[in-house]
Amino acid sequence: MALKHKGGEPVPDAKKRKRVGFTKIDPGIEANECIKVFLVKNQDEVGDRSSFCIDPVDLNQFFGEDGKIYGYKGLKIDIWLSIVSFHGYAEITFESASDVIRMNLLSMPVGLLYSRLIPLVLLLVEGGSPIDIADPRWEIYFVVKKTREKSGDYSIKLLGFAAVYQFYHYPDSTRLRISQILVLPQYQGKGYGRLLLESVNFVAVSENVYDVTFEEPSEYLQHLRTCIDTLHLLSFEPLKLAINSAISSLKEGNPSKKTSKLLSGPPPRMTEIVRQKLKINKKQFLRCWEVLIYVNLDPKDKKCMDNFKTSVSDRVRSDILDKDSENNGKRLIEVPNDYGHDMTFVVFQSNADEEVDDQNGSLASDQSRTQEEQLNQLVDKQMKDIIEIAKKVSSFDNKQ
């Protein structure tokens with residue numbers, strides 16, 4: 001999806017931009033706010049809003065986990081229920097509506113429409129390229145807006161689309177990979193990107209595919225994707241025990257190996273359950289895990305927060321050391337040179353009991369200090385990312 005960064009946000013190097021972006025979420029409207037139920041005695045009273053209006057316990061419970069209806073602006077649903085026959089009559093009005101239409105690209109009209117969208121893909125999607133419309137595994141999701149004109153007729157506008165590929169997953173399943181997402185510039189920032197992604201996820205769950213993945217997501221998309229997945233995971237009941245166990249361990253005097261293990265990732269069995277139920281793959285679930293824990297911490301509990309940062313640091317160090325151990329003792333040291341280059345480097349392999357001369361020892365010491373500084377910077381960045389995502393998740397949650 002072509003996505004502009006808001007003012008004040010750093011724009012990444014163009015060479016590092018990827019093919020997928022994201023937009024702000026559609027706030028939706030609570031069912032309790034847009035639905036009214038009237039009781040009437042006969043058909044003549046249908047349409048009369050002065051009829052007796054009941055106060056239902058909770059209409060939100062019928063509309064997903066957050067009780068909201070998405071894709072409509074100015075939505076009003078009035079229902080008249082006969083107390084004689086108990087037949088129901090409804091009137092639904094809205095200023096405009098957004099729908100997602102799922103189609104296969106093998107269909108000639110659909111393939112023709114996509115071919116006309118290719119110039120926009122090349123112009124607006126960094127690294128974008130046409131997909132093979134002759135491949136039957138490609139599907140396209142169109143988000144359209146239906147607006148009622150003064151004449152009473154409805155006009156339909158194309159707002160954006162997502163191209164999704166169905167990969168075979170052994171032995172008898174499918175993985176959905178979102179390859180291209182494009183929301184037209186004038187409609188960005190209004191939640192249509194999320195509408196597309198939620199539609200793909202709905203299909204993934206309803207058709208019980210293996211999981212949903214993204215092709216080369218941008219850093220911005222990955223940030224917002226983690227926010228949304230974290231929000232879904234927070235309301236996932238089977239996960240709460242594992243989160244509570246990690247939080248309880250953080251409240252101990254000093255972080256233990258058990259604590260670090262709990263923070264490094266959820267139990268393997270839970271990873272599989274999340275994939276099965278929410279279609280969030282393991283790699284993405286691990287990205288969300290520390291955010292899930294942080295969101296549930298009390299920021300005023302200094303000891304707990306310090307333990308959390310220590311555990312994050314331990315996890316980062318462990319990740320780096322594991323990578324270093326794969327190098328079989330090889331070390332890279334930057335050294336000055338007399339050939340006009342800023343810096344060159346040498347690689348050497350040493351044993352634990354091998355003696356090092358003073359010059360190499362000094363270089364190694366300097367290298368060690370530099371690595372420690374870089375490691376601390378990486379930990380600080382990790383903490384900053386976790387806090388930013390947690391704040392955004394809390395703001396999403398407060399709107400629901």
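Start with alanine 162: its bridge partner in strand 11 is isoleucine 181. That pair belongs to the contact between strand 10 (residues 154-169) and strand 11 (residues 173-183), which run antiparallel and are joined by 10 bridges. Helices (H or I, at least four residues) and strands (E, at least two) are DSSP runs here, numbered from the N terminus, and two strands pair if DSSP finds at least two bridges between them. Keep in mind that this is a predicted model, where local features need pLDDT of at least 70 and side-chain atom pairs count only at pLDDT 80 or more, while totals for chains, interfaces and linings use all residues. Residues are numbered from 1 along each chain as its sequence is written, and side-chain values use heavy atoms, with hydrogens and water left out.

Now follow the chain from strand 10 into strand 11. The loop between them holds proline 171, and the peptide bond that joins tyrosine 170 to proline 171 is cis, with omega at about 5°. For context, most peptide bonds are trans.

At the strand 5 end, strand 5 and strand 8 are antiparallel and share 2 bridges, with tyrosine 72 opposite alanine 97 in strand 8. Strand 8 then meets strand 9, again antiparallel, over 9 bridges; there, aspartate 99 has valine 144 in strand 9 as its bridge partner.

What lies across the sheet strands?

The lining has 18 residues, and Leu197, Asn201, Phe214, Arg225 and Asp229 lie nearest the centre. A cavity is a set of points, on a 1 Å grid over the protein atoms alone, where a 1.4 Å probe fits but cannot get out; lining residues have an atom within 4 Å of a point. The volume of the largest cavity is about 260 Å³, counted as the space filled by probe spheres set on the points, with grid points joined across faces, edges and corners. The structure holds 3 cavities of 30 Å³ or more.

Most residues other than glycine have a negative phi. Asparagine 208, in the loop between helix 3 and strand 12, has a positive phi of about 55°. Phenylalanine 86, in the loop between strand 6 (76-82) and strand 7 (88-93), has a positive phi near 60°. Are these two buried or exposed? Phenylalanine 86 counts as exposed because its relative accessibility is 57%, and asparagine 208 does so at 55%. Buried means under 20% relative accessible area, exposed over 50%, and partly exposed in between (1.4 Å probe, protein chains only).

Finally, the whole chain: 10 helices and 14 strands, with buried residues making up 38% of its 400 residues.

Terms used: On a 1 Å grid over the protein atoms alone, a cavity is a set of points where a 1.4 Å probe fits but cannot get out, and a pocket is an open set with protein on both sides within 12 Å along at least five of seven lines; lining residues have an atom within 4 Å of a point.
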